[in-house]
Amino acid sequence: MPADVVLGLSYGDEGKGKVVDYLAKNYDYVVRFHGGNNAGHTLVLNGHRIAVHALPSGILHPHINNVIGNGCVVDPLQLAKEIEEHGGPTALKGRLFISHAAHLITPTSINVDRATGATVGTTGRGIGPTYAAKMRRTGLRMEDIINGDIEVWDTFREVCGIIEPFICNTQNLLHTAHASGANILLEGAQGTLLDIDHGTYPFVTSSNCTIGGALTGTGLNHKAIRKVIGVAKAYTTRVGEGPFPTEQNNDIGDKLRKVGGEYGTTTGRNRRCGWLNYSDLRKACELNGVDEVVVTKLDVLDQFKMIPVGYPNGLERIQYSEWNGWNRPTKGLRDKTLLPQDALKYIQHISTITRAPVTHISTSPEREDMIVL
Ligand code: GDP
Ligand code: IMO
Ligand code: MG
């Protein structure tokens with residue numbers, strides 16, 4: 001039975017959380033495989049907005065086994081807070097599993113990140129220093145909680161007891177689940193252009209957000225992967241520093257921010273806003289071997305007369321092709337026959353860029369507001 005992977009195709013915040021929450025009904029496991037609480041994934045159910053940072057986005061589904069894989073970094077204080085927010089240890093018993101090999105984000109790592117992260121514009125959650133310690137082979141891991149490591153228990157005394165019962169060998173767990181026919185959804189965080197190797201270095205995060213991270217961060221091998229689902233926002237946003245060739249640092253960007261509610265889920269920062277970039281989107285699909293694409297936030301473009309898509313012209317400049325706006329509300333639409341012709345043309349254009357079919361279009365933050373094509 002297959003494992004499918006959801007990955008962000010841009011600079012993060014593509015709407016991966018909503019997509020995972022929507023798809024989760026078809027799966028038994030939802031697995032985070034990299035990153036930590038730099039992520040902010042928003043789930044909206046019957047008007048209630050829930051943001052998850054450390055927990056996987058399957059957490060609202062009682063039938064889902066939620067796994068925090070070995071490739072993740074975890075702030076025990078934040079994780080314990082989220083466990084409490086979701087009903088406490090008793091409520092999550094038997095449906096939350098944390099890898100013994102996931103690394104611990106310490107208060108020192110957070111302080112170092114806050115003191116040094118400004119050039120990149122990090123989230124200040126201690127991500128970079130924690131992965132640096134992992135690579136230096138001096139990191140602390142979840143298994144140190146089980147082993148009663150004095151430094152770990154001293155640092156996280158009030159929450160070790162909450163977290164300890166959830167720690168296990170998730171590589172074994174996932175192999176067994178896979179072999180017994182379970183359906184597994186691997187949930188990417190951040191996005192392709194923030195990948196430590198393939199992103200806009202040094203303005204990136206400290207983990208592999210691309211397909212390789214799904215294997216190293218879980219222990220599943222490539223034969224377990226059935227399909228890669230890329231999530232693309234209908235336009236582009238970026239939070240933090242770094243290049244953004246199609247950025248609209250003007251009234252248009254302000255309008256995208258306002259209509260799209262583009263303020264960071266984790267830090268509350270204004271997200272920088274702009275148009276799609278043909279070459280970045282094409283590259284992201286090539287890097288990840290994307291099989292299917294979900295386009296999110298189409299409704300945000302309802303109010304735009306023209307929708308440009310950026311192309312590099314070879315001189316490090318961007319030129320734009322323009323697509324007609326549809327000037328009709330698509331917000332909340334679930335029926336593909338009601339999709340305006342011009343919106344469909346824009347979606348078709350996206351699928352020529354991605355060279356993979358667009359299978360779903362998200363039309364609002366609400367879980368079930370999704371068009372299936
Ligand atoms: P993630 O990090 O990729 O999970 O994305 P975030 O949750 O950080 O940011 C996406 C934002 O867009 C959240 O506020 C979502 O509730 C919202 N969102 C997701 N899909 C849609 C959509 O189709 N339309 C609108 N208007 N908002 C959406
Ligand atoms: P989700 O999963 C958007 C950005 C930060 C910064 C850079 C490095 O919600 O899509 P870090 O704290 O990781 O060292 O910061 O990466 N960044 C994100 N941007 N969405 C995220 O996660 C992000 N996680 C990190 O803004 O530019
Ligand atoms: Mg986010």
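Student: Before we start, what does "buried" mean here, and what does "exposed" mean?
Tutor: A residue is buried when its relative accessible area is under 20% and exposed when that area is over 50%, with partly exposed in between. Please keep in mind throughout that this is a predicted model.

Student: Okay, the magnesium ion then. Which protein donors does ligand 3 have?
Tutor: The magnesium ion (ligand 3) has Asp13, through OD, and Gly40, through its O atom, as protein donors, and they lie 2.0 to 2.2 Å from it. These two come from distant parts of the chain, 27 residues apart, since Asp13 sits in the loop between strand S1 (3–8) and helix H1 (16–23), while Gly40 sits in the loop between S2 and strand S3 (41–45).

Student: And Gly40, is it buried or exposed?
Tutor: Gly40 has a relative accessibility of 11%, so it counts as buried, because the cut-off for buried is under 20%. Asp13, at 21%, is partly exposed.

Student: Switching to ligand 2, how many residues surround it, and which are the closest?
Tutor: There are 20 residues around ligand 2, and the closest are Lys16, His41, Thr123, Gln190 and Thr205. As for polar contacts, a backbone atom of Gly40 lies 2.9 Å from an oxygen atom of ligand 2, and a backbone atom of Val239 lies 3.0 Å from an oxygen atom of this ligand. Arg269 uses a polar side-chain atom instead, which is 3.0 Å from an oxygen atom of ligand 2.

Student: How much of ligand 2 does the protein bury?
Tutor: Taken alone, ligand 2 exposes 550 Å², and the protein buries 98% of that.

Student: What about ligand 1, which residues are the closest to it?
Tutor: Ligand 1 is surrounded by 19 residues, and the closest are Lys16, Gly40, Thr42, Asp299 and Ser362. Polar backbone atoms reach its oxygen atoms too, with Glu14 at 3.1 Å and Ser364 at 3.2 Å. On its own, ligand 1 has 580 Å² of accessible area, and the protein covers 94% of this.

Student: New topic, helix H9. Which of its residues are buried?
Tutor: In H9, which spans residues 170–179, the buried ones are Thr170, Leu173, Leu174 and Ala177. They are on the same side of H9, because they cover an arc of only 90° around its axis.

Student: What caps the N-terminal end of H9?
Tutor: Asn169 does, with a side-chain oxygen 3.1 Å from the backbone nitrogen of Gln171. After H9 comes Gly181, which has a positive phi, near 90°.

Student: Where is phi positive in a residue other than glycine?
Tutor: Asn46 is one case, with phi near 50°, and Arg355 is another, with phi near 55°. Asn46 lies in the loop between S3 and strand S4 (48–52), and at 65% relative accessibility it counts as exposed. Arg355 lies in the loop between helix H13 (341–354) and strand S18 (358–362), and at 60% it also counts as exposed. Most residues other than glycine have a negative phi, and most peptide bonds are trans.

Student: Last one, which residues does the cis peptide bond join?
Tutor: The cis peptide bond joins Tyr201 and Pro202, with omega about 5°, and Pro202 is found in the loop between S10 and helix H10 (211–216).

Terms used: Residues numbered from 1 in each chain as written. Chains lettered and ligands numbered in written order. Predicted model: local features only at pLDDT ≥ 70, side-chain atom pairs only at ≥ 80, totals over all residues. Heavy atoms only, no water. Buried < 20%, exposed > 50% of the residue type's maximum accessible area, 1.4 Å probe, protein only. Helix = DSSP H or I, 4+ residues; strand = E, 2+ residues; numbered from the N terminus. Arc of directions from axis to C-beta. Polar contact = N/O pair within 3.5 Å; in protein donor to acceptor, adjacent residues only side chain to side chain. Donors = N, O, S within 2.8 Å, 3.2 Å for Na, K, Ca; no water. Near = heavy atom within 4 Å. Areas by Shrake-Rupley, 256 points an atom, 1.4 Å probe, with all protein chains shown as cover.
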